[in-house]
Structures are given as structure tokens and as C-alpha cells.
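Please open the structure in a viewer and keep the sequence panel beside it.

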There are 2 protein chains.
Amino acid sequence: MEHIKGGVCAPKGFAAAGIACGIRRKGKRDLALIVSQTKAACAGVYTQNLVKGAPVIVTQKNIADGYARAIIANSGNANTCNANGIEIAEGMCRLVESYLGIDANDVAVASTGVIGQTLSLDPIIDGMPQLLSELGDNSSDAAEAIMTTDTVKKETAVSFEIGNKTVKMGAIAKGSGMIHPNMATMLAFVTTDAAISPPLLQKALKAATGESFNMLSIDRDTSTNDTLLILANGLAGNPEITSEGEDFDEFLAALRAVCTQLTREMAKDGEGATKLLECRVSGAKTKEDAKAIAKAVICSPLVKTAMFGSDANWGRVLCAIGYAGAETDVNKVAVKFISGAGEISVCENGAGIEFSEEVAKTVLSADEIVIDVSLGDGAECATAYGCDLTYDYVKINGDYRT
Amino acid sequence: MEHIKGGVCAPKGFAAAGIACGIRRKGKRDLALIVSQTKAACAGVYTQNLVKGAPVIVTQKNIADGYARAIIANSGNANTCNANGIEIAEGMCRLVESYLGIDANDVAVASTGVIGQTLSLDPIIDGMPQLLSELGDNSSDAAEAIMTTDTVKKETAVSFEIGNKTVKMGAIAKGSGMIHPNMATMLAFVTTDAAISPPLLQKALKAATGESFNMLSIDRDTSTNDTLLILANGLAGNPEITSEGEDFDEFLAALRAVCTQLTREMAKDGEGATKLLECRVSGAKTKEDAKAIAKAVICSPLVKTAMFGSDANWGRVLCAIGYAGAETDVNKVAVKFISGAGEISVCENGAGIEFSEEVAKTVLSADEIVIDVSLGDGAECATAYGCDLTYDYVKINGDYRT
């Protein structure tokens with residue numbers, strides 16, 4: 001597998017565009033379109049929030065048959081908790097139909113931004129001609145057009161082999177607040193020219209999500225609009241993957257790599273974040289325990305603020321392990337902090353050990369920190385991703401709407 | 001029931017002291033003692049964290065028979081995750097025995113502060129003579145001596161009648177970070193001269209906690225040392241409460257009032273808080289649903305930051321309702337913001353309604369805000385308490401140890 005350029009346009013037969021149609025202020029890009037040359041197998045995972053954005057409901061309906069050809073998405077307004085949200089979301093799909101001749105039922109739709117304000121179709125209608133005219137090798141523009149409080153666009157692509165055919169996979173995504181695991185995820189769109197049947201595509205997507213996006217938490221708030229979609233148009237010419245086996249494993253490995261990279265990028269760009277945190281738990285009795293503990297540590301506001309302050313306050317890590325709801329013997333726990341600047345052990349057998357505060361400060365001053373938790377209580381492991389909690393998180397969210 | 005002065009010393013037969021023995025820096029009070037003239041019925045609720053502070057373990061053992069006479073507590077060090085924590089906690093109890101002749105098994109002990117640093121008994125040994133010499137009507141000193149990042153001491157007392165006898169109840173407590181509901185609670189010590197049997201005392205304490213401390217969240221982090229204790233020495237002379245009935249109800253009402261007031265004070269003094277938030281949920285199908293929703297709203301970092309910014313971002317309230325894990329029809333939800341400055345409806349039938357942003361800003365600029373959620377889906381209600389999330393929370397916790 002190798003990393004390549006091109007984002008969602010890297011695989012054969014995909015075009016994208018992203019423009020500013022006026023939903024967001026200051027001329028920021030806010031409308032994205034991804035189109036496959038041919039009908040593609042499609043799978044999705046979505047928010048588990050009871051309050052579901054209208055676009056989530058419409059997308060679930062439109063891709064229920066396992067196929068789609070286009071994704072239209074806007075930022076600046078979540079089109080959620082409005083009286084006419086469904087109508088607007090369906091209207092967005094119909095616009096794609098009328099301009100591109102793609103059946104509205106083959107269009108997925110996604111929105112992100114403020115909840116509870118009516119989304120007007122007008123700027124989108126007005127923007128369609130420009131959006132269509134820019135449809136091409138413009139993955140980056142599309143990545144930009146789905147950003148909200150993100151500070152950098154998130155885009156990746158890989159190339160790999162299935163059955164002697166070169167297959168490509170690309171993706172764009174956006175974070176960066178209201179993100180919490182154990183739900184579907186935030187907005188992420190993956191394209192691939194692999195040939196794979198809808199049921200297997202769904203299976204791969206779910207498996208990849210469980211170890212990547214679902215292990216990410218920025219602030220424990222679960223959005224109403226989280227959507228991860230994948231389109232697989234088959235133009236790579238590999239024999240269609242219709243059952244598990246070697247080809248499926250190759251495909252899943254690529255999808256995992258793409259999802260994990262986007263997950264790390266989202267964590268690093270968490271609202272106000274200055275540091276990417278990774279909590280690696282090993283030695284758990286069960287996979288569920290390992291995941292629960294990794295998530296509890298990565299979610300703890302007290303751990304997050306300590307990491308912001310480069311403070312080796314490992315007691316907070318132990319505290320989070322203790323309330324994770326997992327079964328483990330806390331007297332066996334060992335904790336290490338690891339970064340590019342070195343590593344330092346701070347706790348063994350559930351109790352503090354002597355360590356150099358100076359070295360700890362150096363290790364924790366890096367911008368990517370691993371909190372390594374060894375439970376010594378079994379053989380299962382898990383990794384969760386998050387970021388530190390900073391002044392800027394408060395600033396960004398204290399007055400988001402106005 | 002009327003509010004009176006005196007804190008934990010208001011009830012007959014209780015004395016208290018609080019001094020600076022040198023555990024905390026800058027000469028801050030850090031050692032507290034509460035003593036009952038006679039052996040008292042005793043009940044407690046504790047942290048549900050797997051990692052339990054050594055004092056919690058020792059206290060549970062010492063009051064297992066339902067009786068105690070004294071509480072010794074320190075701030076500045078949690079005496080948790082240390083090799084010799086139990087030894088130190090037992091040593092604190094033995095110091096009370098040697099100076100006051102109270103059996104060490106009748107002494108409860110509590111510690112709060114940094115986790116994972118060894119607590120030396122030396123400053124406590126050195127401080128005992130002064131602590132004893134100041135034992136008297138000094139509830140406020142004791143309240144101060146258990147503070148950590150609290151900015152104000154928390155102390156209350158009430159007087160009420162049971163069977164024509166005047167009964168008094170007093171309390172001190174400390175917050176203000178690492179606090180989350182569904183666990184026991186933070187440090188709070190209640191005294192009363194009511195006569196009540198240990199089993200009924202435990203029953204009342206559990207009931208009062210469920211609607212007060214357990215509905216409080218500052219930051220969703222559950223401490224390792226949370227402890228709420230009550231001592232009832234019977235000196236008021238009422239017929240001992242040994243079963244449920246009118247007398248028990250009177251007692252429970254007073255205990256609820258005391259616990260709720262301390263809960264509100266803790267919420268208001270949450271780390272970095274500028275505003276007390278109260279989420280009142282009505283119309284839920286079950287009590288559990290009402291509690292889950294109230295807690296989800298009060299815990300949401302996005303709701304908390306919006307309240308800090310006086311931003312009527314009610315979509316975040318709906319979002320939290322949606323992921324609370326409760327069963328409710330989100331299309332029936334109504335949301336109002338209420339404060340001393342007025343009230344404003346912002347959402348009906350799960351969708352936004354027209355409202356004046358100006359009025360909303362005024363309502364939300366108050367320092368006590370009620371988020372009123374009407375589910376229209378049943379008859380149960382619940383209230384949760386919390387605070388806004390501010391720059392100062394990050395500041396306080398970014399470098400707590402050093």
C-alpha cells in the first residue's frame with residue numbers, strides 16, 4: 001500500500017468540487033459535490049443520536065438499496081431540528097438530479113454546522129452552476145467546503161493491489177468538535193475504484209470504523225449529523241469482492257489505514273487542540289475492557305487539561321481507568337508517557353514511582369503524546385485518539401453562532 | 001425548617017477545628033477535625049471508582065458497625081495510589097485516639113488533593129496539639145481546611161422539629177473539580193443531634209444523595225476519594241427514629257434541603273465556573289429517563305461553553321437529549337432558558353421557534369441559569385446541577401500539581 005495524491009479524486013471515475021455559495025460568511029467554501037462516473041456500491045455509518053439531522057434520514061433512505069452515484073454536502077448549517085429539514089435535504093438531492101441527470105435516489109446528502117436554524121435552498125440553487133462547472137480533480141476544494149471549525153482540511157489517498165489490479169482509495173473528512181466515540185462518526189467521504197458488493201462494503205466499513213473513528217473523542221458530544229459514506233465504483237477492474245477472503249482483507253487493510261489516518265488528523269485538529277493524544281491500552285481481560293479504558297482516559301477533561309499543561313499528573317489517568325466501567329485489577333496498572341522527545345515511566349503496580357519531573361515535562365511538551373497503559377491483567381489491547389483541552393476550545397465554543 | 005448559623009457545630013454536642021499543618025503551601029488550612037461528644041450513629045456514601053483512596057477503605061471499615069465519634073480530614077494530598085496509603089490513613093485515626101481517647105475504629109478519615117504522591121504523617125503529628133487546642137465552635141475553619149481549588153467555603157445548617165423536639169443539622173463540603181454524578185460524591189460531612197438508628201440513617205443519606213450530589217457534574221471526572229458522611233448523636237432527645245414514618249420524613253426533608261444547598265454551592269463554585277446551571281427536565285416516561293437527560297444536558301461541554309458565552313445555542317441541548325440514552329420522542333421537546341433576568345422559549349416540538357437573540361442574551365447573562373426541558377412524553381421529572389466551562393477550568397487544571 002502506498003500513499004498517493006488526489007484525495008477523493010484519486011480513484012478512477014470520481015470528480016469533485018467545492019465552492020462558496022453563501023451559507024457561511026466571509027466567502028468561505030460551503031458546498032461540496034462528489035460524483036462517480038458510474039453507479040457505485042455505497043455503504044454508510046451514522047450518528048447514534050436520537051436527534052438525527054434531516055440529511056442523515058434522507059441519505060439512509062437513498063442508499064438503502066446499496067448504491068449511489070453522488071454526494072452533496074454543505075457546511076455552515078446542519079439542517080437539523082427544523083420543520084422543513086427533510087424537504088430541504090431532498091431538494092439538495094433533486095438539484096443534483098436536475099443538473100446531472102443522476103436519479104435523486106442515488107444521491108447522498110450531508111450537512112454540518114449550526115443546529116436548529118432553517119437552511120435555505122436558495123444559495124445552493126444559485127451555486128449549482130458554479131459547482132458543476134468546477135467538477136473535476138478538485139478533492140481539496142471539496143475537503144475545504146465541508147470544514148466548520150476545522151483549521152486544516154483533511155484529505156488522504158492510497159494505492160494498493162487486489163488480484164493483480166491496482167486499486168485506489170481516497171477520502172476527505174471534517175471534524176472537529178461534537179465528536180465522541182461509540183457512535184458512527186463525523187463527516188467523512190471515502191471513494192474507491194475497487195469492485196465490491198454492497199454487503200461486503202458495509203461489513204468492511206463497520207469493521208474499519210470500530211477501530212478508528214469510533215475510538216476518537218474530542219469532547220464527548222455526539223453530533224446529530226455524523227455520517228461516514230463510502231462509494232465503490234468498480235472501475236479498477238478487480239474481480240468483485242463478494243465474500244470474505246484475501247481480497248476482502250486487502251481492501252479492509254486499506255480502508256483501516258485511510259480511516260485511522262483521518263481519525264488521527266481529526267484528533268490533532270480537535271477544537272482548540274495543541275496536542276494529539278493517543279491512549280494505548282494493553283493487557284486487558286477483554287477487547288471491550290481495553291476500549292472502555294482507552295476511551296475513558298482520552299475523554300477525561302482532567303487528563304486533557306494536564307496534557308495541555310505538559311503536567312505528568314498520572315493520578316488522573318489512574319482515576320479515569322477506575323471509572324471506565326471495565327473490570328481490572330488497579331494494583332497491576334503501569335503508566336508510561338511516550339513522545340518523539342522520549343519516554344518516561346510514572347506508575348507501576350498502581351502506585352507512583354520516582355521520576356524526573358524535568359524529563360516528564362520534555363516528553364509531554366511534544367505535539368503528539370502516547371499515554372501507554374499496561375494493565376497486566378490479560379492479552380487484549382485497544383487504542384483511542386483525542387486531544388488536549390485548551391483555552392481555545394472554550395473560546396471557539398463559547399460563542400459559535402454569533 | 002429554618003436556616004441557622006454554626007455549620008457542623010450547630011447541632012448539640014459537636015465541636016470542630018481546622019488548621020494549617022503544612023501539607024498545603026502558603027500556610028493554607030489543610031487539617032480538619034469534627035468530634036461528637038458522644039458516640040453517634042454514622043452512615044456514608046463513597047466514590048464508585050475502582051481506584052479508591054486509602055482513606056475511603058479505612059473509613060468504610062471503621063464505620064461498618066454503624067457508629068463513629070470523629071472525622072479527621074486533610075486537603076493537599078489525596079493519599080491515594082501510594083504503597084503505604086492505608087498505613088497513613090490508619091495512622092491519622094490513631095492520632096485522634098491517642099489525643100482524645102476515641103477508639104481509632106470510631107474515627108472516619110478523608111483526604112483530598114493530588115493523587116499518587118506519598119502523604120507524610122509528620123505534619124499531621126506536629127499539627128495535632130494545635131488542632132486539639134482549637135477544637136470548639138469552629139465549623140468555618142474546618143470547612144476551609146478541606147478546600148482544594150474551591151474559591152469559597154461551603155457550610156450550612158438548619159433547625160427543624162421532630163416529635164416536638166428541636167433538631168439541628170449542619171454540614172461542610174468541598175468541591176470543586178473531578179466531580180460527576182452516578183457515583184457517591186465529593187467530600188461532605190453532615191452532623192445532626194437527631195436520634196436515628198444507623199440503618200435508617202443510611203437509608204435517608206442514600207435517598208437524599210440520589211436527588212442532590214448524584215445529580216451534580218462539574219466535569220464528568222469521578223474522584224477516587226469522594227466521601228459523604230453523616231454523624232447523628234441523638235442529643236436532641238427526640239424518640240430514636242427506627243422505622244419510616246412521619247419522623248423519618250421530617251428528617252429526610254431536612255437532609256435533602258442540606259444536601260441540595262451544598263450541591264448548588266458546589267456547582268456554582270465548580271472549577272473556573274462563572275455560572276450555576278440547573279437543568280430541569282419534566283414530562284419524561286420514567287424517572288431514570290428524566291435523570292439521564294438532565295445529566296446529559298448539564299454534562300455537555302458544548303452546552304457548558306455556550307452558557308459561558310451567553311449563547312442561546314439550544315441545538316446543543318437537543319443534541320445532548322438525543323444521546324442521553326433515554327427513550328423519548330424528540331419531536332415533542334420544548335426548551336426554555338430561565339434566569340433572574342427573565343425567561344425565553346427557544347424550541348417547541350423539537351424545532352426552533354422565532355425568538356429575540358437580544359432577550360436571550362440578557363436572560364443568559366445572569367449567574368444562575370435554568371435550562372428547562374419539557375419532554376411532553378410522560379409525568380416524571382428530575383433536576384441536575386452543573387456549571388459553565390470556562391478558560392479558568394483549563395487554567396486551573398492545566399498545571400494543578402506544579
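How far apart do the C-alpha centres of domain 1 of chain A and domain 2 of chain A lie? The separation is 32 Å. This is a predicted model, in which local features need pLDDT of at least 70 and side-chain atom pairs count only at pLDDT 80 or more, while totals for chains, interfaces and linings use all residues. Residues are numbered from 1 along each chain as its sequence is written, and chains are lettered from A and ligands numbered from 1 in the order in which they are written.

**Confidence**

Colour chain A by pLDDT, the predictor's confidence in each residue, from 0 to 100. The mean for chain A is 91, and 95% of its residues reach 70 or more. Select residues 180-185 of chain A next: there the pLDDT is below 50, although the stretch has 29 contacts in the model beyond near neighbours in sequence. Where pLDDT is low, the predicted coordinates should not be read in detail. The model as a whole scores ipTM 0.70 and pTM 0.77.

**The two domains of chain A**

Select 2-268 as domain 1 and 276-398 as domain 2 of chain A; such bounds come from an automatic or database domain assignment. Twelve residues of domain 1 are in contact with 14 residues of domain 2 in chain A, contact being defined by C-beta atoms, placed from the backbone, that lie within 7 Å. On the domain 1 side, the touching residues comprise five nonpolar, four polar and three charged. In this classification Ala, Val, Leu, Ile, Met, Phe, Trp, Tyr, Cys and Pro count as nonpolar, Asp, Glu, Lys and Arg as charged, and the others, Gly among them, as polar.

**The sheet of chain A**

Display the strands next; helices (H or I, at least four residues) and strands (E, at least two) are DSSP runs, numbered from the N terminus. In chain A, six strands form an open sheet of mixed pairing, in the order 13-12-11-14-10-15. Two strands pair if DSSP finds at least two bridges between them. Strand 13 (351-352) and strand 15 (380-387) of chain A are the edge strands, each pairing on one side only. Strand 10 (residues 276-284) and strand 14 (residues 368-374) of chain A run parallel and are joined by seven bridges; Leu276(A) stands opposite Glu368(A) in strand 14.

Axes are lines fitted to C-alpha atoms, for helices over the stretch in contact, and angles run from 0 to 180 degrees between N-to-C directions.

**The sheet of chain B**

In chain B, select the open sheet of seven strands, ordered 9-16-11-15-12-13-14 with mixed pairing. Strand 11 of chain B pairs with strand 16 of chain B in the antiparallel sense over seven bridges, and Cys279(B) stands opposite Ala384(B) in strand 16.

**Between the chains**

Finally, select helix 8 (residues 301-308) of chain A and helix 11 (residues 391-398) of chain B, whose axes are 8 Å apart at an angle of about 70°. Helix 8 of chain A is therefore roughly perpendicular to helix 11 of chain B, a term for angles of 65 to 115 degrees. Leu302(A), Thr305(A), Ala306(A) and Phe308(A) meet Val394(B), Asn397(B) and Gly398(B) here.

Conventions: Two residues are in contact if their C-beta atoms, placed from the backbone, lie within 7 Å. Angles under 35 degrees count as roughly parallel, over 145 as roughly antiparallel, 65 to 115 as roughly perpendicular and the rest as oblique.
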